Amino acid sequence: MAFDTSSLHQYAAVRVKRSRIDGFGVFADEVIAAGRHIGDLTGEAITVAEARRRAQDRQRLMLVELSPSRAIDCSRSDDAMRFTNHSCAANARIEVEDGEVRFFALREIAIGEEITVSYGLTHHEGRLECRCGADNCQRRL
Ligand SMILES: [Zn+2]
């Protein structure tokens, strides 16, 4: 019996390129099935207080709050997923486990489609304009 194990624990093929949403984005380089584990992002575990301090110093950063006191700063990670943009109609979601941020497809994602997640509450506190272009766009981040 033959099993194709090549796809087990294998990240989806993605490509980082300029995004119309903001800066660079992550785009599917193959059809990504709904529910698939797309990729991971490793970061530096810090306190939320430190995360807030860093947010004031930098324009573009990737911070994930795990709890009221703990956060992960992924700004220095070299993984492609750190370029994931926010969309009010996201096609992926993040899950945090063992200090890693994991990305999963919420639905099938077409080749060439930008992979987006909903940032939820960000450190921008509604001061940034959202340019995701979704019909249900909240306009603010
Ligand atoms: Zn939006």
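Visitor: In which sense do β5 and strand β6 (residues 70–73) pair, parallel or antiparallel, and over how many bridges?

Guide: Two strands pair if DSSP finds at least two bridges between them. Here β5 and β6 pair in the antiparallel sense over three bridges. Strands (E, at least two residues) and helices (H or I, at least four) are DSSP runs, numbered from the N terminus.

Visitor: What should I know about the model and its numbering?

Guide: It is a predicted model, in which local features need pLDDT of at least 70 and side-chain atom pairs count only at pLDDT 80 or more, while totals for chains, interfaces and linings use all residues. Residues are numbered from 1 along each chain as its sequence is written, and side-chain values use heavy atoms, with hydrogens and water left out.

Visitor: What is the strand order of the open sheet?

Guide: The order of its three strands is β4-β6-β5, with antiparallel pairing. The edge strands, β4 (44–47) and β5 (63–65), each pair on one side only. Neighbouring strands are turned by 30° against each other on average, direction ignored. Helix α1 (residues 48–57) packs on this sheet and touches β4, β5 and β6 (contact means heavy atoms within 4.5 Å); the direction of α1 makes about 100° with that of β4. Axes are lines fitted to C-alpha atoms, for helices over the stretch in contact, and angles run from 0 to 180 degrees between N-to-C directions.

Visitor: Where is Gly23 placed, and is Gly23 buried or exposed?

Guide: Buried means under 20% relative accessible area, exposed over 50%, and partly exposed in between (1.4 Å probe, protein chains only). At 15%, Gly23 is buried. Its place is in the loop between β1 (14–18) and β2 (24–28). These strands form a hairpin with five residues between them, and Gly23 in the turn has a positive phi of about 55°. Five bridges join the antiparallel β1 and β2.

Visitor: Which residues coordinate the zinc ion, and what is the geometry of its site?

Guide: Donors are N, O and S atoms within 2.8 Å of the metal (3.2 Å for Na, K and Ca). Cys88, Cys130, Cys132 and Cys137 coordinate the zinc ion through their SG atoms at 2.3 to 2.4 Å. Four donors count as tetrahedral if all angles lie between 85 and 135 degrees. The angles here are 108 to 112°, and the site is tetrahedral. Cys88 is buried at 17%, and Cys137 is buried at 10%.

Conventions. Four donors count as tetrahedral if all angles lie between 85 and 135 degrees; four count as square planar and six as octahedral if opposite donors are over 155 degrees apart and all others between 65 and 115; anything else is irregular.
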